[in-house]
Amino acid sequence: MNILLNLNPLITRAARLAVIVVISGFALSVLPSCKKEDPAVKYARLMETARKYIAEDKLEEAKITLYSAVDLRPDQAGTYFELGEVLVRLKQYPKAAESFLAALNADPNHKEARLHLATLYLLGKEWEQADSHTRKLLETDPKNTAALILKASIARGQGRLDETFSILENVLKTEPNN
């Protein structure tokens, strides 16, 4: 464009603008990717691509794609959850915890995000956080076997062995196949 502006001073401003308009129109017609993609279509495409990468175990690519999807639709708890799962597989635990928290901010009733977050807190020996999220799970689903086992693990981590055995005995009575 600068070449056009520095051309012979005899070329009028109107002529320069006409050339720029023609070149711009040509570029847009030749480059269809310059057109705006519908955000819903783009989001769906990103999620499909991310899931394909996950299936192919291309986790870094999946992570980048999911971050793009989160940027596009920050209201989708499921996207944060899938990102958190990928981050766990990449052993990026603090970022995974942030992602599960974001999922819970988008949807406080997302049970799987809460369970994964409580598990990360348990592994990090952050007992109060792990216990808080486990209690919230059990408030809405008192027979959630995974949450009950998590509760027993927290009790064990805090040295409360009697409580640990009591919880596990109850799980075995109600869920003998687990």
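Is aspartate 57 buried, exposed or partly exposed, and what is its relative accessible area? Aspartate 57 is partly exposed, at a relative accessible area of 48%; buried stands for under 20% relative accessible area, exposed for over 50%, and partly exposed for values in between (1.4 Å probe, protein chains only). The structure is a predicted model, in which local features need pLDDT of at least 70 and side-chain atom pairs count only at pLDDT 80 or more, while totals for chains, interfaces and linings use all residues. Residues are numbered from 1 along each chain as its sequence is written, and side-chain values use heavy atoms, with hydrogens and water left out.

The protein contains 10 helices and 0 strands, where helices (H or I, at least four residues) and strands (E, at least two) are DSSP runs numbered from the N terminus. Along the sequence the pattern reads α-α-α-α-α-α-α-α-α-α. The protein has 178 residues, of which 31% count as buried. With contact taken as heavy atoms within 4.5 Å, residues 24 or more positions apart account for 38% of the contacts that have a separation of 6 or more.

Side chains of opposite charge can pair when their charged atoms come close. A salt bridge is counted when a side-chain nitrogen of Lys or Arg is within 4 Å of a carboxyl oxygen of Asp or Glu, and the count comes to 9 salt bridges. In one of them, the side chains of aspartate 57 and arginine 89 meet at 2.6 Å, N to O. Aspartate 57 lies in the loop between helix 3 (39-55) and helix 4 (59-72), and arginine 89 in helix 5 (residues 77-89), so this pair ties together parts that are 32 residues apart in sequence. Arginine 89 is partly exposed, at 44% relative accessibility.

Lysine 111 and aspartate 141 also form a salt bridge, at 3.8 Å from N to O. Because lysine 111 belongs to helix 7 (residues 111-123) and aspartate 141 to the loop between helix 8 and helix 9, the pair ties together parts 30 residues apart in sequence. The C-alpha atoms of aspartate 141 and lysine 111 are 9.2 Å apart. Lysine 111 is partly exposed at 38% relative accessibility, and aspartate 141 is partly exposed at 24%.

A further salt bridge joins aspartate 131 to arginine 135, with the closest N and O atoms 2.1 Å apart. These residues are 4 apart in helix 8, so about one helical turn separates them. Aspartate 131 is buried, at 15% relative accessible area, whereas arginine 135 is partly exposed, at 49%.

Helix 6 (residues 93-106) has 14 residues and should span 20 Å at 1.5 Å a residue, which agrees with the 20 Å between its end C-alpha atoms; the expected span is 1.5 Å times one less than the number of residues. The buried residues of helix 6 are Ala96, Ala97, Ser99, Phe100, Ala102, Ala103 and Leu104. These buried residues pack against helix 5, helix 7 and helix 8.

Alanine 155, in helix 9, is buried, with a relative accessible area of 0%. Apart from neighbours within four places in sequence, alanine 155 contacts Arg160, Glu163 and Thr164. The C-alpha atoms of alanine 155 and phenylalanine 165 are separated by 9.3 Å, and the two residues are 10 apart along the chain.
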